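Q: Can you walk me through this one? I'd like the fold and the ligand site.

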Amino acid sequence: MHVRHGAPGSDTTKSATARRESIAPSDDHVIVVFGATGDLSRRKLLPGLFHLARAGLLPARYRIIGSARSALTDDEFRRRAKDAVTEFGRAKPTGEAWRAFANSLFFAAAEPTQPQPLLDAVAAAEKAIGGHPRRLFHLAVPPAGFGPTVGMLGGTDLARNANVIIEKPFGTDLASARALNETIHATFDESQVFRIDHFLGRESVDNILALRFANGLFEPIWNREHVSHVQIDVPETIGIEGRAGFFEATGTFRDMIVTHPRRGGPVSWPSRCGSVTVCGCMTPRKRCRCWSARSGGPAAGMRSWSSWTSRTAAPPRTSSS
Ligand SMILES: NC(=O)c1ccc[n+]([C@@H]2O[C@H](COP(=O)([O-])OP(=O)(O)OC[C@H]3O[C@@H](n4cnc5c(N)ncnc54)[C@H](OP(=O)(O)O)[C@@H]3O)[C@@H](O)[C@H]2O)c1
């Protein structure tokens, strides 16, 4: 999903537009995946990129640079990518297709205050590709990393000739979403920005919509006059898998619930209208400690507080709305 968001005509947008470079037309790309050692990269991004490569849907000339604050060698990153594709990919990482893809993979550690290894890797990739490749930065990092990473891209030459993909959650409330937007627009024009969520559960929700709105049997009675409540289960089969820090900062509710049940009406509705309507109908949560009913733990897939605390230095936070 790609949601364009922003304030066209705002001062920040105008100033970013003024800074925008004229972009030479080219399909060749240097793709930088920030958070390349994380769960999303393993589960979705690396298998997805290999799938695109096999299908011939990546540019003729490209390089993919994985990045994180911790360092890996190129070979270690290629091994991780191979494991990820083996576990989560549609096709096995074998043959010429894999060899060509693996040869395009590189790794460069980067901290906002220490961007040099990444700058070197991007320069080497652009030299190897030749011409004027575009840059694509995918920020598969926890929300706390969005601002500093965008700041680093703006503070170096990296934001030039680039697009940026920001993962959800995009802020934790209106004020923080606006603040993040300001940060991004200080570096990127809105036309360069993509906001993405991989698991909107759209197909299953669309099925419900079709069942309700295109079905003379259910349509007249599936409404607030006849339905006392709706329970939405989100049964996760995986644990937090080393992501205690992410769940401590973001919370399962924001990670899963805010975006996933957002489509609330016939498919012709604009999705923003659907999500605003759904949010407007929700009763604010009272201050509570939220437990996963299915697993008896504070986060999806956790079986006890001890399995939570064994993954995080701090005791679990009490969740509040
Ligand atoms: N996992 C999913 O299925 C999924 C689905 C949809 C959206 N997302 C979104 O994708 C993003 C990443 O999620 P994840 O599950 O992959 O998290 P994760 O498993 O915790 O991985 C985070 C990655 O980012 C790096 N990182 C951690 N803190 C950072 C910081 N402050 N600045 C820069 N890099 C940092 C980590 O490596 P270092 O610590 O070495 O830097 C690691 O590579 C989140 O915004 C999440 O909401 C995830």
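Below is a short chat about the sheet, some single residues and the ligand shell.

Q: What kind of model is this, and how are residues numbered?
A: This is a predicted model: local features need pLDDT of at least 70, side-chain atom pairs count only at pLDDT 80 or more, and totals for chains, interfaces and linings use all residues. Residues are numbered from 1 along each chain as its sequence is written.

Q: How many helices and strands does the chain have?
A: The chain has 12 helices and six strands. Both are DSSP runs numbered from the N terminus: helices are H or I with at least four residues, strands are E with at least two.

Q: In what order do the strands sit in the sheet?
A: The order is S3-S2-S1-S4-S5-S6, in an open sheet with parallel pairing. Two strands pair if DSSP finds at least two bridges between them.

Q: Which strands stand at the edges?
A: Strand S3 (105–107) and strand S6 (193–196). Each has a single partner strand, so one side of each lacks a neighbour in the sheet. From one strand to the next, the twist averages 20°.

Q: How many bridges join S1 to S2?
A: Six, and the two strands run parallel. S2 covers residues 62–67. Val33 stands opposite Gly66 in S2.

Q: And S5 with S6, how many bridges there?
A: Four, again in the parallel sense, with S5 at residues 162–167. Ile165 faces Phe194 in S6.

Q: Is S1 enclosed or exposed?
A: Six of the six residues of S1 are buried, so S1 is largely enclosed by the rest of the structure. Buried means 20 or more other C-beta atoms within 10 Å of a residue's own; exposed means 12 or fewer, and partly exposed lies in between, with C-beta atoms placed from the backbone.

Q: Which S1 residues point which way?
A: His29, Ile31 and Val33 point one way, and Val30, Val32 and Phe34 the other. In a regular strand the side chains alternate between the two faces of the sheet.

Q: Tell me about Phe34. What is it in contact with?
A: Beyond neighbours within four places in sequence, its contacts include Ser67, Phe137, His138 and Thr149. Contact means C-beta atoms, placed from the backbone, within 7 Å. Phe34 counts as buried because it has 26 C-beta neighbours inside 10 Å.

Q: How far apart are the C-alpha atoms of Phe34 and Phe137?
A: They are separated by 7.2 Å, although the residues are 103 apart along the chain.

Q: Which strands does H6 lie across?
A: Helix H6 (residues 146–155) lies across S1 (29–34), S4 (134–139) and S5. H6 runs at about 165° to S4. Angles go from 0 to 180 degrees between N-to-C directions, with axes fitted to C-alpha atoms, for helices over the stretch in contact.

Q: Where is Asn161 found?
A: Asn161 is in the loop between H6 and S5. Its phi is near 60°, a positive value in a residue other than glycine.

Q: On to the ligand. Which residues are closest?
A: Gly35, Gly38, Leu40, Arg69 and Gly145, out of 27 residues that surround the ligand. A residue is near if its C-beta atom, placed from the backbone, lies within 6 Å.

Q: Which helix gives the most to that shell?
A: Helix H2 (residues 39–54), with three residues.

How values were computed. Two residues are in contact if their C-beta atoms, placed from the backbone, lie within 7 Å.
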